[in-house]
Amino acid sequence: MLRPAACPGPRVVVFPHAGSGARRYREVPAGLPPYVEVIGVTLPGRERRAGCAPGTTLARAVAGIGAELRAPAAGRTVFYGHSLGALLALLTAHAGQARCDALVVSCALPGRRGFPRPDLLGTHAGLTAVLALHGLAADALEDTSLPDARRTLAHDLALAQDALLAVDGLRVDVPLTALAGADDPLVPLATLPQWADLTSGPFRSRQVEGGHFFPFTAAGAAVVTGELAASLRPSGPRAVPSLTP
């Protein structure tokens, strides 16, 4: 739980990026009204699950998250995911175990099409390429000399490769808002419109000043908060063209 609410009502579920725990996101939705509950997803190997070995399969991760969120929500529920978290949020929403009324994602590739070498995904070479993008060697998953944080990141990136493959052809039926950093070296701006293919509901996209971690700046957090607030309204976000600040 990142922030409890005084009484049951709307909630935001935060899906963190690779290598991160939910606590880093405490300030991102801080501008939401106090009656909005904020819940964080925690994968093995960090924070309250630090005693668990890092690494899990995509199927187990999605099923486990869905089970944790299965209790009926009293109000509208929005999933917010950043980078790897965006893919996990999408897959969890599609699985249908937990209530999800809208999705907000930031700085994430919309499946294999956005990857520099989509033909490599699902192979050892593909995993090596994903690891290299984050400064990790090809043997990072087996390297026991790596610090715990780097080993956790490596396992999350293996999960990310599987998630990029899993979202291909998938479509949810809720409003989806996709945000991208104008200077993000990992997620090309050209991939932003492709998120529209992953929902049959209203789609909204927005380019935001900053890089891959723009949500952790004051201006970026304000953008995310605004989009979450819009998605929490019963009408949800309207489908509009791509926006700039």
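What follows is a conversation about helix packing, pockets and cavities in a predicted model.

Trainee: Which residues of α2 meet α1, and is the crossing of the two helices left-handed or right-handed?

Mentor: From α1 the residues L58, V62, I65 and G66 take part, and on the side of α2 they meet L88, L91, T92 and A95. Sorted by class, the residues of this contact are six nonpolar and two polar, with no charged ones. As for the handedness, the crossing of α1 and α2 is right-handed.

Trainee: Which residues of α4 make the contact with α3?

Mentor: The crossing of α3 and α4 is right-handed. On the α3 side the contact is made by G126, L127, V130 and L131, and on the α4 side by A154, L157, A158 and Q161.

Trainee: How do the residues of the contact of α3 with α4 divide by class?

Mentor: In this scheme Gly counts as polar, and G126 is one of the contact residues that α3 contributes. Counted over the contact of α3 with α4, there are no charged residues, two polar and six nonpolar.

Trainee: Which element gives the largest share of the lining of the largest pocket?

Mentor: The largest pocket holds about 440 Å³ of space, and its lining has 21 residues, with G40, V41, T42, R48 and E68 lying nearest the centre. Two or more lining residues are given by β2, which spans 37–40, and by α1. The largest share, five residues, comes from α1.

Trainee: How many residues in the lining of the largest pocket are charged?

Mentor: Among the residues nearest the centre of the largest pocket are R48 and E68, and both Arg and Glu count as charged. In the whole lining, ten residues are nonpolar and four are polar, while the number that are charged is seven.

Trainee: Which element supplies the largest share of the lining of the second largest pocket?

Mentor: About 310 Å³ of space lies in the second largest pocket, which is lined by 20 residues, including S83, H134, L157, A160 and L186 nearest its centre. By class that lining has 16 nonpolar and four polar residues, and no charged ones. At least two lining residues come from each of α2, α3 (124–133) and α4 (148–166), and the largest share, four residues, is that of α4.

Trainee: Which strand gives the largest share of the lining of the largest cavity?

Mentor: The count comes to three cavities of 30 Å³ or more, and the largest of them holds about 40 Å³ of space. Its lining includes V105, S106, A178, L179, A180 and W195, and divides into nine nonpolar and two polar residues with no charged ones. Strands β4 (102–106) and β5 (176–181) each supply at least two of the lining residues, and the largest share, three residues, comes from β5.

Note on methods:
Residues numbered from 1 in each chain as written. Predicted model: local features only at pLDDT ≥ 70, side-chain atom pairs only at ≥ 80, totals over all residues. Heavy atoms only, no water. Left-handed = near helix turned anticlockwise from the far one by under 90°. Contact = heavy atoms within 4.5 Å. 1 Å grid on protein atoms, 1.4 Å probe; cavity = no way out; pocket = protein on both sides within 12 Å on 5 of 7 lines; lining within 4 Å. Points joined across faces, edges and corners; volume = space filled by probe spheres on them.
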